[in-house]
Amino acid sequence: MTPPFLTAATNLARKYNFHVDSVISIAGLYGIEETENILKAIKSPGKRYFIRVNTLKASREEVLAELKHAGFEVRAYPLLKEAIYLPIRGPHSIKTYPKKVIADKKAAESVYLGANLYAVGILKIVGKIREGERVTIMDPTGFPVAEGIMVMGPEEVFSKRKGLAVKTVKSVFEVPSIRELEIYKRGWVYDQSLPAIISVRNLNPRPGFKIVDLCAAPGGKTSHAAQLMENSGEILAVDRSKPKVQKLRENLQRLGVRNVKILEADARYLDLIVGERDFDAAIVDPPCSSLGVRPKLSSRVSKRDILSLSRYQFQFLKVASKLVKRGGRILYSTCTLTLQENELIVLKAIKKLGLKLVKQEYFIGSRGFIFETGIVQRFLPHVHDTPGFFIAILEKL
Ligand code: SAH
């Protein structure tokens with residue numbers, strides 16, 4: 001007989017379109033009932049859309065005034081002077097038209113929040129659709145994400161594979177489109193989740209610091225550190241992916257960050273490229289299973305993926321521990337909820353790399369597993385109205 005836990009996990013996996021291994025890894029920590037609440041929350045983007053004020057270019061008051069002037073409802077986040085948020089509207093119910101357009105997972109997840117659908121994101125068109133017709137846009141599992149109007153002929157969609165194909169008329173959620181605003185283009189703001197903002201605050205970069213960021217692109221944490229350092233000192237920002245390094249360069253340029261040296265390299269071997277061992281701090285924000293990223297309509301992450309990611313993540317911490325000086329700090333963060341990629345990595349780092357955990361100044365999440373309260377911080381989608389997230393601050397002995 002299958003144990004009830006496995007049956008329940010399998011049912012949840014089916015209901016939420018997750019790989020059963022991911023469900024088991026979350027349910028092993030939180031139990032079945034709470035896991036369902038987590039999965040339900042992950043399906044939605046949450047109620048608040050956070051942005052960080054780039055204090056190198058503008059004050060919070062200036063950004064608030066501009067956004068209000070543009071007609072947005074916006075609030076200051078009381079705990080951190082650089083954090084502000086806008087309400088996310090929804091969920092709205094979506095009509096099912098006879099004509100349907102199936103988008104790939106990534107495109108569907110942004111259409112779900114109000115974006116238009118481009119030809120490149122379309123997998124399939126169901127029924128004979130003409131330009132100007134109303135359609136329901138669905139994700140690959142058949143979940144309706146929006147109503148739209150076809151603005152391109154179906155043949156063109158598959159021959160051209162680019163350009164606007166379906167204009168979104170009504171989406172399940174409405175997230176304010178910050179990136180089209182003038183203040184975004186001017187570099188006054190950066191869209192970043194609350195836990196990500198808190199993570200860099202807890203690292204506490206000071207003016208004049210020398211920092212290395214091992215997985216830096218597209219530059220959210222690097223640019224936040226730069227603003228806390230008031231554009232002084234030096235940040236070595238490393239990323240292995242050429243297109244992402246390009247994105248990083250653009251972001252830093254837009255934000256007016258001038259204390260960053262960019263290096264396109266595999267950071268797992270950074271100690272062989274960089275001679276210095278005197279960094280005041282390091283940021284390790286490596287690829288992870290991303291189970292906390294919202295909204296997520298499905299996930300295929302298996303146990304094998306989780307285990308290989310955790311081996312990968314440890315390699316960055318190992319190098320970071322070589323590059324920081326004694327007393328130097330390392331921020332380790334992920335946007336996932338598994339034990340293997342979070343507490344177990346930290347535990348191994350303590351045992352093998354001569355690191356210790358330090359208390360976090362900004363602690364609004366919940367305690368993690370294994371360690372006492374206040375030491376590692378977890379954010380839970382259904383409790384904190386944030387992405388699922390993990391933060392640890394380590395210090396070199
Ligand atoms: N810290 C970033 C987000 C990092 S996402 C921010 O706050 O904006 C993880 C990044 O790790 C990706 O950009 C990916 O290209 C990079 N990466 C993956 N493997 C890497 C490696 N071996 N060396 C350096 N960067 C790597």
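View 1. A nitrogen atom of the ligand lies 2.9 Å from a backbone N or O atom of C215. The model is predicted. A backbone N or O atom of A267 is also placed 2.9 Å from a nitrogen atom of the ligand. At G220, a polar backbone atom is 2.8 Å from an oxygen atom of the ligand. The ligand taken alone exposes 590 Å², and the protein buries 87% of that area.

**View 2. The shell around the ligand.** The ligand is surrounded by 20 residues, the closest being G220, D239, D266, D285 and Y312. By class, the shell consists of 10 nonpolar, three polar and seven charged residues. Helices α8 (220-228) and α11 (303-323) each contribute at least two residues to this shell.

**View 3. The hairpin of β7 and β8.** Strand β7 (residues 134-138) runs antiparallel to β8, and five bridges join the two. T136 has E147 of β8 as its bridge partner. Five residues lie between the strands of this hairpin. In the turn, G142 has a positive phi of about 90°.

**View 4. Strand β8 and its pairing with β9.** Strand β8 spans residues 144-150 and is mostly covered, with five of its seven residues buried. Besides pairing with β7, β8 is joined by five bridges to β9 (residues 164-171), and these two strands run antiparallel. The bridge partner of M150 in β9 is V166.

Terms used:
Residues are numbered from 1 along each chain as its sequence is written. This is a predicted model: local features need pLDDT of at least 70, side-chain atom pairs count only at pLDDT 80 or more; totals for chains, interfaces and linings use all residues. Side-chain values use heavy atoms; hydrogens and water are left out. A residue is near a molecule or strand if one of its heavy atoms lies within 4 Å of it. A polar contact is a pair of N or O atoms within 3.5 Å; within protein, one must be able to donate a hydrogen and the other to accept it, and residues adjacent in sequence count only if both atoms are side-chain atoms. Accessible areas come from the Shrake-Rupley method with a 1.4 Å probe; for residues, only the protein chains shown count as cover. Helices (H or I, at least four residues) and strands (E, at least two) are DSSP runs, numbered from the N terminus. Ala, Val, Leu, Ile, Met, Phe, Trp, Tyr, Cys and Pro count as nonpolar, Asp, Glu, Lys and Arg as charged, and the others, Gly among them, as polar. Buried means under 20% relative accessible area, exposed over 50%, partly exposed in between (1.4 Å probe, protein chains only). Two strands pair if DSSP finds at least two bridges between them.
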